Amino acid sequence: MSGAQDSNALISASRRAARMGGLSLDLGDTRRIYPNGAVPMAAALEYFRANGLRISTTRISQSVASTKFLHPLPATPENISSHKVGNIVWKYNEEQSTDLCNAFIDMLEENARCETGVIESLNWCLFEVLDNVFQHSKSPFGYAMMQIHAKRRWCTVAVADCGIGIHRSFKENNVYAARNAYEAIMLAVQEKVTSKTKNMGNGLYGLMRVVGLNKGELQIRSGRGWLEYRDGEIKGDYSMSVPLVDLNDHHGTTVDWQLDLSKRVNLAEALNFPEPNLLLERIEDGAGEHCLRVADFEEGLGTRRSAEQIRNKLVNLLTLGAQRLTLDFSGVNVVSSSFADEVLGKLALEMGIVAFMGRFDLRGMTPTVSAIVNRAISQRIAEGDDRTPGQSGRP
């Protein structure tokens, strides 16, 4: 399930089924779901269901059902905190967009090593695109999904709505003239062009600049128009054969982009002006230091997989520009040896003990925690490689 072809087929089938009162989806041949197909399909299904269409499914696998594309998960604080946010289609309102954006970025920080500039650039792009839904589409909800492909070091994101579309937004506000949906999309990706006179008009322009500098990929579909940006080239078109969710007020828009996590990107260069580092500002304390409370990593204090995610987060924060990170152990009475080794031991080995001591300040440790951490670091430095303390030989 990916791309415009699948979502267009679903919209066409749903419009036919609406005249007959019911739609049956056979998902027996669906093995993989990607954001660029699942998100616009989820938005369309929500629209048709809200307008009385009965939807049934057959032969749906657990892996497909887990993506929630049939019933997008509301982005409430409770749902965000109790689910792994990746590989799920989320339904969000304007008040929930910031929390959802932060959750996506936290997931990226914990699960992938990112080159300089990738995380803050993706953070900015997410904020802009998630918010665009409410600035321009007249839709009360947006739909979003993010996937991380760790082996490729690749991140994919799609955001969709069933609103009025980019072309209608320009026409209703009478700011820029566009003959069709493709021309409207081409206008929307230009600098300082917006359907709202009070807005800066840098959202889709900045996104395309980030994608271009990163050598990623971007596709925007709105109404009967589409634009694709890849390898520095723009392709696009307008076609009357593209089905619309509704001919009047629900043309819909999907913004789908992919970034290479292994390639650097400079947000200030993309936007042609410096942008404050919002991610590092989130962890600044009153003294201006970048501080993380280890007690907040509660779920990661016992398992190696969770500890590995914490280590990735710390490395990404250093890559973002933090000169020194303070790890505050206040309130933590004990940590597992696996946590101490997987996070601190491996960081000390990777960076070298002198560089590690220069970049990390470990505070508030009890004598017990201090003993566990010191032993893990010294043993990891002594044994090296990828051994688990206490083992002899390689795994």
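Modeller: Here it is, and please keep in mind that this is a predicted model.

Biologist: Where does Ser97 sit, and is it buried or exposed?

Modeller: Ser97 is placed in helix α5, which covers residues 97-111. Its relative accessibility is 8%, and because buried means under 20%, Ser97 counts as buried.

Biologist: How does β3 join β4?

Modeller: Two bridges join β3 to strand β4 (residues 90-92), and the two strands run parallel. Leu73 has Trp90 as its bridge partner in β4.

Biologist: And β10, how many of its residues are buried?

Modeller: Eight of the eight residues of strand β10 (residues 253-260) are buried, so the strand is mostly covered. Thr253, Val255, Trp257 and Leu259 point one way from β10, while Thr254, Asp256, Gln258 and Asp260 point the other way, and all are buried.

Biologist: Which strands pair with β10, and in what sense?

Modeller: Strand β6 (residues 154-161) pairs with β10 in the antiparallel sense over eight bridges, and Val159 stands opposite Val255 in β10. Six bridges join β7 to β10, and these strands also run antiparallel, with Arg221 standing opposite Thr254 in β10.

Biologist: At what angle does α8 pack with α7?

Modeller: Helix α7 (residues 165-173) and helix α8 (residues 181-188) pack at an angle of about 80°, and their axes are 8 Å apart. With 65 to 115 degrees counting as roughly perpendicular, that makes α7 roughly perpendicular to α8.

Biologist: Which residues make that contact?

Modeller: On α7 the contact is made by Ile166, His167 and Phe170, and on α8 by Ala181, Ala184, Ile185, Leu187 and Ala188. By class, the contact of α7 with α8 has seven nonpolar residues, one polar residue and no charged residues.

Biologist: Changing topic, what about the sheet of three strands?

Modeller: That open sheet has the order β11-β12-β13, with parallel pairing. Its edge strands are β11 (290-293) and β13 (360-363), each pairing on one side only, and neighbouring strands of this sheet are turned by 20° against each other on average, direction ignored. Strand β12 (residues 325-328) and β13 pair in the parallel sense over four bridges, and Thr326 stands opposite Asp361 in β13.

Biologist: What covers the buried residues of α15?

Modeller: The cover includes α13 (337-351), α14 (353-359) and β13. The buried residues in α15 are Val369, Ile372, Val373, Ala376, Ile377, Gln379 and Arg380.

Biologist: How far does α15 reach, and what comes just after it?

Modeller: Helix α15 (residues 367-383) has 17 residues and reaches 24 Å from its first C-alpha to its last, close to the 24 Å expected at 1.5 Å a residue. Just after α15, Gly384 takes a positive phi of about 65°.

Biologist: Tell me about Ile372, then: what is it in contact with?

Modeller: Leaving aside its neighbours within four places in sequence, Ile372 is in contact with Val334, Val335, Ser336, Ser337 and Ala340. Ile372 and Ser336 are 36 residues apart in sequence, yet 7.7 Å apart in space, C-alpha to C-alpha. Ile372 is buried, with a relative accessible area of 18%.

Biologist: Last one, how many residues of α2 are buried?

Modeller: 14 of the 16 residues of α2 are buried, so α2 is largely enclosed by the rest of the structure. The 16 residues of helix α2 (residues 35-50) should span 22 Å at 1.5 Å a residue, and its end C-alpha atoms are 22 Å apart, which agrees. Just after α2, Gly52 takes a positive phi of about 95°.

Note on methods
Residues are numbered from 1 along each chain as its sequence is written. This is a predicted model: local features need pLDDT of at least 70, side-chain atom pairs count only at pLDDT 80 or more; totals for chains, interfaces and linings use all residues. Side-chain values use heavy atoms; hydrogens and water are left out. Buried means under 20% relative accessible area, exposed over 50%, partly exposed in between (1.4 Å probe, protein chains only). The expected span of a helix is 1.5 Å times one less than its number of residues. Two strands pair if DSSP finds at least two bridges between them. Axes are lines fitted to C-alpha atoms, for helices over the stretch in contact, and angles run from 0 to 180 degrees between N-to-C directions. Angles under 35 degrees count as roughly parallel, over 145 as roughly antiparallel, 65 to 115 as roughly perpendicular and the rest as oblique. Contact means heavy atoms within 4.5 Å. Ala, Val, Leu, Ile, Met, Phe, Trp, Tyr, Cys and Pro count as nonpolar, Asp, Glu, Lys and Arg as charged, and the others, Gly among them, as polar.
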